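This report goes through selected local features of one protein structure. Please keep the sequence and the model open while reading.

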Amino acid sequence: MTSSPSGEGPLARRDAATTPEREHVARLQFLTWDRTPKDIAAPQHQARLARLEQSAGARFADTAYVAADAAIFTSHLVVGAQSWIAGHALVRGDVEFGAHCTVNSYAMISGKVRCGDGVRIASHVSIVGFNHGFDDPSVPIHTQAHESLGITIGDDVWIGANAVVLDGVAVGAGAVIAAGAVVSKDVPPLAIVGGVPARLVRYRGQSAKGDAEASLARLGAVAGQQWPEILARHRQDGTYVSIEADGQARASARHRNDAIEIAAGFGALPEGLDAAATLAELQAMQDPQTGLFPDPHRPIAAGQAMRDDGLALYNVLSVGYAIEVLGGQPKHPVAAVELGAPELCDWLEGLSWRERAWGAGAAVDAIGTALYFNARYFTSGRARETLFGWLALHQDRGTGLWGSPTADEGLLQPVNGFYRLTRGTYAQFGVPVPGVEKAIDSVLHNHRQYGGFAGPTYTACNLLDTIHPLWLCLQQTDHRRAEAEAIARAVIGRAEERWISGQGFGFADGQTASLQGTEMWLSVVHLAAALLGIEDAFAFVPKGVHRTRAVGLGL
């Protein structure tokens, strides 16, 4: 009979031990959690560890334990305090276990693997920290070079029976990998993943659907009661202003429109608003020649074309929808967008797709919305066909987005631009979005890269630019729906705690509450609820810029 890798043959152990001792040793091969300090200190065990230190490059904490029939073939091994490796487990390569890690029988850990503290590895798990080369079909696979990107497993991770973790994966702290899962991509912290390939099921500790509905009801009730107070707080000398961090009031056309949209979301108008007079003022903002809406509080720079002014474009949405909410329509068609194909394509191609895809997407949003107003209230030529055709030809098939990532922000710019672009085009006209699965992958990747947009990046804009694309794309597919729903529940849960009583929402954590922040956050929460199919539980329904109803005018 051959010896075990630790040098102790079962027959020799059986001959040398009494029957109770043999039973205890056999039990520890499979029920290794029963080891005692006496077992750890036993001469046979200490001799086993000493041999492994010599033959397997191993280092063991004083309270570590390795069962007699564990197969250890490593060049480097670290086993932390209170950790153990059961009999018939295979550990080979370059492996480190932190404290309180457990490797059950018949698990296999290979290649370069780093485990934090408290990692639980069930029976028949395969953690494969290397890979065969196979790209060249003219060369036999067994002769191609290996590679080892390595696997990193964070603290407090449970890996269920028969799961497989492949090379290059990072498993976040607190994650759970379901039995039988095949993990080929990184796993976020606290995520529960399952399936082949593994996908997010939910996050540990996240609210269930019923909790999300209860949170929506509470937030809706508070906001529904306090919105008149919030609007009054931002009204000075007959107009709506933004109150800056220094206490100064800043005027902009947008603030009144935000006030109108907040009230409309609760089925009302701002208290004291003269609807007819306000409608006339908003309509008078439109430039008769271009049809755009320059902001009277912020003059356009000398020599700048009106269509190159960000506010004149944004006010197509902000002012235009406020006019509709008040029961009116623009007085003039938006002639600036009714261009021939060469002129419109030149405009589109000249946008900042490479440097600032968000700004380029915002311009497309305004162009699409202007074409919506023209089609609904006036006449429109072939510009819509040109716009959608250009977008179809210029979408990045790899990411499902438009525009380029940047060195500093990664996919943030094209993801945020995707929201603006699709909002004014595909969502507004009810046209299917191309490449939705790639787009979902990119949005989720971007969300993960920013740590779920926690801390300083937890802004209404970043969450809106995540939730709206997921809500829109999931109308066409169920691709990674569970991950998107987990984000939506998290947004709802965090929103309730960020409401400032009597003031509303700040645009970002730590900022002063504002009309913009309040309207955007209420819309984000509505969209998150709509993604979950529980929007009826929330009292606020966007009626303006962030409305979700497609107009269905077609192309």
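Arg480 is buried, with a relative accessible area of 12%, where buried means under 20% relative accessible area, exposed over 50% and partly exposed in between, using a 1.4 Å probe and protein chains only. Arg480 lies in the loop between α14 and α15, and its phi is positive, about 55 degrees, although it is not a glycine. The model is a predicted one, in which local features need pLDDT of at least 70 and side-chain atom pairs count only at pLDDT 80 or more, whereas totals for chains, interfaces and linings use all residues. Residues are numbered from 1 along each chain as its sequence is written, and side-chain values use heavy atoms, with hydrogens and water left out.

Phe453, in the loop between α13 and α14, also has a positive phi, near 55 degrees, in a residue other than glycine, and it counts as buried at 0% relative accessibility. Most residues other than glycine have a negative phi, and most peptide bonds are trans. A cis peptide bond joins Val196 and Pro197, with omega about -10 degrees, and Pro197 is found in the loop between β18 (191-194) and β19 (199-203).

## Helix α13

Helices (H or I, at least four residues) and strands (E, at least two) are DSSP runs, numbered from the N terminus. Helix α13 covers residues 436-449, and its 14 residues should span 20 Å at 1.5 Å a residue, which agrees with the 20 Å between its end C-alpha atoms; the expected span is 1.5 Å times one less than the number of residues. Just after α13, Gly451 takes a positive phi of about 60 degrees.

The buried residues of α13 are Val436, Ala439, Ile440, Ser442, Val443, Leu444, Asn446 and His447, and they pack against α12, α14 and α15 (481-498).

## The largest cavity

A search of the whole structure finds one cavity of 30 Å³ or more, and about 80 Å³ of space lies in the largest cavity. On a 1 Å grid over the protein atoms alone, a cavity is a set of points where a 1.4 Å probe fits but cannot get out, and lining residues have an atom within 4 Å of a point; grid points are joined across faces, edges and corners, and a volume is the space filled by probe spheres set on the points.

The residues that line the largest cavity include Tyr321, Arg423, His468, Trp471 and Arg547. Helices α12 (412-429) and α14 (460-473) each supply at least two lining residues, and α12 gives the most, with three.

## Val91 and its strand

Val91 sits in strand β5 (residues 90-97) and is buried, with a relative accessible area of 0%. Leaving aside neighbours within four places in sequence, Val91 is in contact (heavy atoms within 4.5 Å) with residues including Ala71, Phe73, Leu77, Ile85, Phe97 and Ile109. The C-alpha atoms of Val91 and Met108 are separated by 6.0 Å, although the two residues are 17 residues apart along the chain.

Strand β5 pairs with β7 (residues 108-115) in the parallel sense over five bridges, and two strands pair if DSSP finds at least two bridges between them. Asp94 stands opposite Lys112 in β7. Strand β7 also pairs in the parallel sense with β9 (residues 126-129), over four bridges, where Ser126 is the bridge partner of Met108, and with β12 (residues 151-153), over three bridges, where Val113 stands opposite Ile151.

Terms used:
1 Å grid on protein atoms, 1.4 Å probe; cavity = no way out; pocket = protein on both sides within 12 Å on 5 of 7 lines; lining within 4 Å.
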